[in-house]
Amino acid sequence: MSQAYDDALSRTRTLLGHNLEPTPWHPFPHDKGRPPPRAALRCASYLSCLPPLSQPKPAAAVAANASRPRRCPSYFAAIRRDLAPWRRRDGGGGGITRALVESGRHRASMRVTITGGGTRLHVDLYYACVQSRALFTVWSLLQLMRRYPGRVPDVDLMFDCMDRPAINRTEHTGEGAPPPPPLFRYCTTRDHFDIPFPDWSFWGWPETHIEPWTREFRSIKQGSRRVRWPDRVPTAYWKGNPDVASPLRLALLACNDTNLWRAEIMRQNWEEEAKSGYQNSKLSSQCTHRYKIYAEGFAWSVSLKYILSCGSMALLIDPLYQDFFSRGLEPRVNHWPVSTVGTCESIRDAVEWGNAHPEEAERVGKRGQRLMQELGMDTVYDYMLHLLTEYAALLDFRPAPPHSSQEACAGSVLCLADDHQRRFLEASAAYPATAGPCSMPPSDG
């Protein structure tokens, strides 16, 4: 009986993706073939194999703060721009049909439905995601439902947990062109219709020992206080993995000359770091330089928020990709732009300008850090809520989970997680909000 039970579970598609093929459009390897021990992605009590999280703390009356809603950051206005392709010309909703959602399946790794007035979440898995991205992305939605009980709308959406956008504007623009399928992912570009959504690392990245965002930002900010700006190394610094099919990062290696280019470029070897217990890759210990470089990898990189958190002047090498909050970046206000043409020269010029104007350079770095300070989990959850609310208003059908989907709840996600993952999940658990979400800014068109 036990063997039959385990055999059945080994065939059950789970967020760990142990028996799913990896997404064919992603070039990096996937750890396939490790079934979860006696666990499945269902909420039935007999499969809730680990104790549930403690009950949510009682929420204070939201109405008490309803008269003083805080204003959302300006980049929330991009939500309406991201969803504009599915808004009717008269400005109304109803532009997203069930068939249109389903047309995005060939580019999605999973389909997510939220029903029952924001009380139930189902997942239909198509492909395995890299590492624990699927697990933590579903966890993020469960925590949104926990933070705003009864306020998360019913939705039906396709989600791809890989890096690069897939819905090209040129294929869905112009007379006779088919409407784009709505597809959520972690980033987009000006040439794509993919809808950016907060990435998994806000709830932690166990594979690299990066803590949930609240803890990690606090740690980085404390680390940034250990070395005063005048005492920081007056050169630019980058540490990362260049071996991610990124011509930009490979070119950046040529800038590793503190005398000629005023830059120190360090190769991150994650295999060696894993062997050493990640002692040499703590982000809180990397705030010793006045300037920190951000270079995109295979697509956008989660490192952007950690680089800005140091309070160093961030040098951004002409980003192509946008995540949800990067629309709040302003050149020469909270970061310094670096060109992809003559990158080494551009880095050198930025460093020499900053060293000639140290007070102004320090202010740029502090404003970048302040932007990250304001990007607390309150803001992340508010963005998720506003995005899903605006998206739900465009659906012309009532969401319902497909027959092939499985229900996910906190207990089933924790059941699937190993001990290391579970620590990150529990550390990032949300509590019901004590006030309503921030109020949306005017549309940016």
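A disulfide, in this presentation, is a pair of cysteine sulfur atoms within 2.5 Å. In general terms, a disulfide is a covalent bond between the sulfur atoms of two cysteines.

Colleagues, the structure before you is a predicted model, in which local features need pLDDT of at least 70 and side-chain atom pairs count only at pLDDT 80 or more, while totals for chains, interfaces and linings use all residues. Residues are numbered from 1 along each chain as its sequence is written, and side-chain values use heavy atoms, with hydrogens and water left out.

I begin with the cysteines. The model holds 4 disulfides, and I shall describe several of them in turn.

Let me take Cys 255 and Cys 344, which are joined by a disulfide with an S to S distance of 2.0 Å. The angle about their S-S bond is -85°, and the link is left-handed. This pair connects distant parts of the chain: Cys 255 sits in the loop between α6 (247–252) and β7 (263–267), and Cys 344 belongs to helix α9 (residues 343–356), 89 residues apart. For these element names, helices (H or I, at least four residues) and strands (E, at least two) are DSSP runs, numbered from the N terminus. Are these two cysteines buried or exposed? Cys 255 has 0% relative accessibility and counts as buried, and Cys 344 is buried with a relative accessible area of 11%. The term buried means under 20% relative accessible area, with exposed over 50% and partly exposed in between (1.4 Å probe, protein chains only).

I turn next to Cys 129 and Cys 161, whose sulfur atoms are 1.6 Å apart in their disulfide. This link is also left-handed, with -100° about the S-S bond. Cys 129 lies in the loop between β2 (120–125) and α4 (133–147), and Cys 161 in the loop between β3 (155–159) and β4 (183–185), so the pair ties together parts that are 32 residues apart in sequence. Cys 129 is buried at 4% relative accessibility, and Cys 161 is buried at 0%.

A further disulfide is formed by Cys 287 and Cys 310, with sulfur atoms 1.9 Å apart. Why is this disulfide described as left-handed? The torsion about its S-S bond is about -75°, so the disulfide is left-handed. Cys 287 is in the loop between α7 (270–275) and β8 (289–294), and Cys 310 is in the loop between α8 (303–309) and β9 (313–317), 23 residues apart. Cys 287 is buried with a relative accessible area of 1%, and Cys 310 is buried with 0%.

Now to the helices. The axes of α4 and helix α11 (residues 377–392) come within 10 Å and cross at roughly 90°. Axes here are lines fitted to C-alpha atoms, for helices over the stretch in contact, and angles run from 0 to 180 degrees between N-to-C directions. The contact (heavy atoms within 4.5 Å) involves Ser 140, Leu 141, Gln 143, Leu 144 and Arg 147 of α4, together with Asp 378, Tyr 381, Met 384, Leu 385 and Leu 388 of α11.

Finally, I draw your attention to Ser 412, which is located in helix α12 (residues 410–416). Ser 412 is buried, with a relative accessible area of 0%. A polar atom of the Ser 412 side chain lies 3.0 Å from the backbone nitrogen of Cys 409.

Key: A polar contact is a pair of N or O atoms within 3.5 Å; within protein, one must be able to donate a hydrogen and the other to accept it, and residues adjacent in sequence count only if both atoms are side-chain atoms.
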